[in-house]
Amino acid sequence: MKVAIVGGGAAGFFAAARIRELVPKAEIAIFEKGSRPLRKVSISGGGRCNCTNTFEHVGNLREVYPRGYRLMQKLFHVFSPADARDWFENHGVPLVALPNGCIFPASNTSESIVECLLRNVGQRTRIETNTEIADLSQLSEYDQIIVTTGGGQTPLLGKIDVEMVECVPSLYAFKIDDTDLQNMQGIVAENVRVRIAGTKFATEGDLLITCRGMSGPAILKLSSYAARNLAENNYSCNVCVNWTGLSEKEVANKLNEQTERQPKKQITNIGLGHLPSRLWTHIVHRAGITDETICGSLNDRLRNRLLSTLTADTYEVAGRDSVNAPIVTCGGISLQSVESDTLRSVNDEQIYFAGEVLDVDGITGGYNLQAAWTTGYVVGNAICNNPRKL
């Protein structure tokens, strides 16, 4: 059996490893247009590789897979997140789960995952780097072809008989031209709630203030949920931030308690909950309250403005953060173009798809790599269980 894999990323390598397990003598070739395979795996998680997630905090897969959650729900019966953990640990990569569910190699380096995949595709697998496949006619000698070219439209996909869903960026930081905000770069606000004004798109999590605007899990998740809406509006919107993560009533009670207990103290010095002091001062100033204002002199008008700023602070988004590229792409091969149990093309029984090339994408937290492991495994299984080619 001769198998060609177009794309040397997580899904392609995992498919190759699965084929190698089931058919050790299979002839496998991986074609990667870049200079090195598994580059995205190497840099994921800041070089630590958030390789999967416990899914313990996930009530519904739609929460973590805005596109393709039904397919992932089905495929997890074949190869689940727990199966992925077992696979890596059984192949020499101890893993560690964090309280938030994110799972990393115990070595704290992505190279453990990279080396494991390279090792398990075997020396018999031919890996061709700096090789772009522009037409499947270049692979006529192969029995089966797996396309794992990642996110985005490529010349190759334009020559395959499949339906494409428009590709747009997902998982990116927001550019916000607010000097006062940018001057607080590096500050992390925990457990905030964020939403795009005028829409139903909302999420929660930690928010990182950067020298260009906002990032962190809360913003990255929001960009994923609203990927198409943001693209349609040229990445221009208003983002509303509830810095406390609490309801307006809860915040009002806390604020009243703090100010009544310390009437002679300056409002900038009392703080509120877990908010960093610099951020608290920024919020107070945005509410139009001066440094000299003491708690006892806070009138109803200023109190209401402070309450509004704490729970619905609004910033104008001036586009995507152009310095850091989007982490994943929303869109790709329409799921109507593949068999849901094998991921084989409905129009060509020789071609399979896996990974981000499909219209499946997740939020930050290890969910996209899990989709790569699962879809790669499913395709590897399907090819090896196809009696016509064996």
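**Charged pairs and ring contacts**

Asp361 is buried, with a relative accessibility of 0%. Here, buried stands for under 20% relative accessible area, exposed for over 50% and partly exposed for anything in between, with a 1.4 Å probe and protein chains only. The structure is a predicted model, in which local features need pLDDT of at least 70 and side-chain atom pairs count only at pLDDT 80 or more, while totals for chains, interfaces and linings use all residues. Residues are numbered from 1 along each chain as its sequence is written, and side-chain values use heavy atoms, leaving out hydrogens and water.

A salt bridge is counted when a side-chain nitrogen of Lys or Arg is within 4 Å of a carboxyl oxygen of Asp or Glu. Helices (H or I, at least four residues) and strands (E, at least two) are DSSP runs, numbered from the N terminus. Arg67 is buried as well, at a relative accessible area of 13%.

In the whole structure, the search finds 13 salt bridges. One of them joins Glu356 to Lys40, with 3.0 Å between the closest N and O atoms. This pair links distant parts of the chain, 316 residues apart: Glu356 sits in the loop between strand 16 (351–353) and helix 12 (367–384), and Lys40 in helix 2 (residues 39–43). Glu356 is buried at 19% relative accessible area, whereas Lys40 is partly exposed at 45%.

Asp135 and Lys159 also meet through their side chains in a salt bridge, at 3.9 Å from N to O. Asp135 lies in the loop between strand 6 (126–128) and strand 7 (144–147), and Lys159 in the loop between strand 7 and strand 8 (164–170), so the parts tied together are 24 residues apart in sequence. Asp135 is partly exposed at 27% relative accessibility, while Lys159 is exposed at 54%. Elsewhere, salt bridges with shared partners join Asp178, Arg286 and Asp313 into one network.

Next come the aromatic rings. The count comes to 15 aromatic pairs. Phe55 and Tyr367 make an edge-to-face pair, 5.0 Å centre to centre and with 90 degrees between the planes. Phe55, in the loop between strand 3 and helix 3, and Tyr367, in helix 12, are 312 residues apart, and their pairing links distant parts of the chain. Rings of Phe, Tyr and Trp (its six-membered ring) pair if their centres lie within 6.5 Å; planes under 30 degrees apart count as stacked, over 60 as edge-to-face and the rest as tilted.

Finally, where does Arg320 meet rings? Arg320 lies over the face of Tyr172, at 5.7 Å from the ring centre, and over the face of Tyr235, at 4.9 Å from the ring centre. For such a contact, NZ of Lys or CZ of Arg must be within 6 Å of the ring centre and within 35 degrees of the ring normal.
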